[in-house]
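Welcome! Let us take a friendly tour of a protein model, one part at a time. Please have a look at the sequence and the structure before reading on.

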Amino acid sequence: MSHPSHFNAPTPPKRHPLRTLSRLGVGGLLTYAGIGHLTFVRKEFQAQVPEWVPLDDDTVVLLSGVAEIVLGTALLSGRHKKFWGRSAAAFFAAIFPGNVAQFVERKDGFGLDDDRKRAIRLLFQPILVGLALEGTRED
C-alpha cells in the first residue's frame, strides 16, 4: 500500500557547508597526523614528548597516533558528530601541555626551531579546539 507524501519522514536540515568543511578538515588533519605518528615522522614526534611524561617516548607517540587516527576517521565518517567533535576537542586540550613543554624546553621539531615559531604554534591549539566543536555542533 502506498502512503501519501505527507507521511514521508522529514528530511534532516542541511548542515552549513563551513561546519562540514571544518569537521572534514579536522578529521583529515588528525588522520594524517596519526599516520605520521606511526610511520614517516615517528622519530620527529618522539623528540617532542615532554621530559615529564612517565612513559617511553615511542609508546606515547604510538598511543597518540592511534588516538588521532580513531578521532580523525570518526570525524570523517560523519556519524555521532557531536561526540567525536567533543572528543577531538578534549584530545587537543589534553596535548596542549606537551606543546607548552616544547616551548619551555626549547625543543626543535617540524620547523619550530625558535621561540617565536613555538609560541605561534601555541595559538593554533585553541583554534583546533574551536574547529572541532564548531564543525560538529548542531545547526
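## Contacts around L71

Two residues are in contact when they have heavy atoms within 4.5 Å of each other. Keep in mind that this is a predicted model. With that in hand, which residues does L71 touch, not counting residues up to four places away in sequence? They are L30, W84, S87, A88 and F91.

## The nonpolar core

L71 also belongs to the largest nonpolar core, which has 10 residues in all. Its members are V26, L30, L71, L75, A88, A89, F91, F92, L128 and A132. Two or more residues of this core come from each of α1 (17-38), α3 (57-77), α4 (81-104) and α5 (115-134). The most come from α4, with four residues.

Here is a general idea to keep beside this picture. In soluble globular proteins, nonpolar side chains tend to be buried together.

## Helix α1

Now follow α1, a helix of 22 residues. From its first C-alpha to its last, α1 reaches 32 Å, close to the 32 Å expected at 1.5 Å a residue.

Which residues of α1 are buried? They are R19, S22, R23, V26, G27, L30, T31, A33, G34, G36 and H37. Of these, V26 and L30 are also part of the largest nonpolar core. The cover over the buried residues of α1 includes α2 (42-46), α3, α4 and α5.

## The largest pocket

Next comes the largest pocket, with a volume of about 920 Å³. How many residues line the largest pocket? There are 33, and H37, F45, E68, I95 and R121 lie nearest its centre. The elements that give two or more residues to this lining are α1, α3, α4 and α5.

Sorted by class, the lining has 23 nonpolar, eight polar and two charged residues.

## A closer look at A101

Our last stop is A101, which sits in helix α4. Is A101 buried or exposed? A101 has a relative accessible area of 7%. Buried means under 20%, so A101 counts as buried.

Leaving aside neighbours within four places in sequence, A101 is in contact with P50, W52 and R106.

Methods:
Residues numbered from 1 in each chain as written. Predicted model: local features only at pLDDT ≥ 70, side-chain atom pairs only at ≥ 80, totals over all residues. Heavy atoms only, no water. Core = buried A, V, L, I, M, F, W, Y, C linked by side-chain atoms within 4.5 Å. Buried < 20%, exposed > 50% of the residue type's maximum accessible area, 1.4 Å probe, protein only. Expected span 1.5 Å × (residues − 1). 1 Å grid on protein atoms, 1.4 Å probe; cavity = no way out; pocket = protein on both sides within 12 Å on 5 of 7 lines; lining within 4 Å. Points joined across faces, edges and corners; volume = space filled by probe spheres on them. Nonpolar A, V, L, I, M, F, W, Y, C, P; charged D, E, K, R; others polar.
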